[in-house]
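Colleague: I have not looked at this model before. Could you take me through how to read a few of its features?

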Amino acid sequence: MASDEMITVGDIQYESSQQKVAVLASKSLLMIAGDYAIHSEAIQGTVSQLKGKAEPHPQKIALIYGQEIQKVKRRHAEDVILAPLGMNTDTFLAQMKDMTDSFANEIKEQLQRFSGHSVEAIIVGSDGDAVHMYEVDSRGSVSCMDDVQFHAIGAGAWHAKSHLMQAGYARTFTNLATAMAQTYTAKRRAELAPGVGKPTDMHLVLKDQWYPISRADIAKLDELYAEYTNQQSALALETVAKLQEHLNAIGPKNAAIGIAGDSEADGEAGELASPTAQGNEATEEAAARPHILGQEKGAA
């Protein structure tokens, strides 16, 4: 797992030394994106429900967390839509039969459309036999990502996913070094998106325990990533230079029309035929074609 340290609260974002990973059980971690305040409340509710219970399955944790997200957002919807009318969800349902259909339907549509601040979460944890991964989206819905092999959330999610897809990443068929390198690279690619912070926190989740990746290891990853990107840039420049040599050898005109050979066959070097000249050539070719075919027919 890899995350930045950019905190979002409402429409405010700022860098912080706080990590965006929470410990919900001895074998499970929660990584968050989106509104920090909503997540804080949902985490407190989840921890309260899990307190005193045996090591829960990661799916159970994800389901509880999704319910806590829904609970917070439902209260926010009540505050915005129902409270100004002197109601909450219970009183609205009780009084709905006395309302006009149009008014009741309008309130229901507003409640259903309410989304509040965006939040997402990933729960990664072990059931003792295998490590599982679940996503909790902004509506509190839970999805199992085990067979997808990887997932990303937040503003830079598409950049991270794109890298992992192109790399053909599969966590069940890789070693530790590859997993760390590809995960770190995906996070660095995510930094292209506005709102993704530069500092990186990483954690390793195994079937028996989870571990934080040390600052020394992350520093080494950063060093190797810089070396890799420099080599990649140098290789790109070398490739472009080789293509330029090829274009210079065949001439710009022939390169444009896809013919290798003498660039002065038609007019000055590098000069494309005008539309009129191209039309004349096509007419002359068409006029000559029956004569040639006739000769061939006679010869046959």
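**Reading the loop and the strands**

Modeller: Gln 149 counts as buried, because its relative accessibility is 15% and the cut-off for buried is under 20%. Keep in mind that this is a predicted model.

Colleague: Where does Gln 149 lie?

Modeller: Gln 149 belongs to the loop between strand 8 (142-144) and helix 5 (157-166).

Colleague: What is the phi of Gln 149 near?

Modeller: Most residues other than glycine have a negative phi. In Gln 149, which is not a glycine, phi is positive, near 85°.

Colleague: Which strands pair with strand 6?

Modeller: Strand 5 (residues 28-34) pairs with strand 6 in the antiparallel sense, over 7 bridges. Within strand 6, Val 119 stands opposite Gly 34. Strand 7 (residues 131-136) also pairs with strand 6 in the antiparallel sense, over 6 bridges. There, Met 133 in strand 7 is the bridge partner of Val 124.

Colleague: How many residues are between strand 6 and strand 7 in the hairpin?

Modeller: The hairpin formed by strand 6 and strand 7 has 4 residues between the strands. In its turn, Gly 128 has a positive phi of about 100°.

Colleague: How many residues of strand 6 are buried?

Modeller: Strand 6 (residues 119-126) is mostly covered, with 7 of its 8 residues buried.

Colleague: And the surface: which residues make the nonpolar patch of about 250 Å²?

Modeller: Val 9, Ile 12 and Tyr 14 make that nonpolar surface patch. Of these, Ile 12 is found in strand 3 (residues 12-15).

Methods: Residues are numbered from 1 along each chain as its sequence is written. This is a predicted model: local features need pLDDT of at least 70, side-chain atom pairs count only at pLDDT 80 or more; totals for chains, interfaces and linings use all residues. Side-chain values use heavy atoms; hydrogens and water are left out. Patches are made of residues with over 30% relative accessible area and no salt bridge: like charges are joined within 9 Å, nonpolar side chains (Val, Leu, Ile, Met, Phe, Trp, Tyr) within 5 Å. Accessible areas come from the Shrake-Rupley method with a 1.4 Å probe; for residues, only the protein chains shown count as cover. A salt bridge is a side-chain nitrogen of Lys or Arg within 4 Å of a carboxyl oxygen of Asp or Glu. Helices (H or I, at least four residues) and strands (E, at least two) are DSSP runs, numbered from the N terminus. Buried means under 20% relative accessible area, exposed over 50%, partly exposed in between (1.4 Å probe, protein chains only). Two strands pair if DSSP finds at least two bridges between them.
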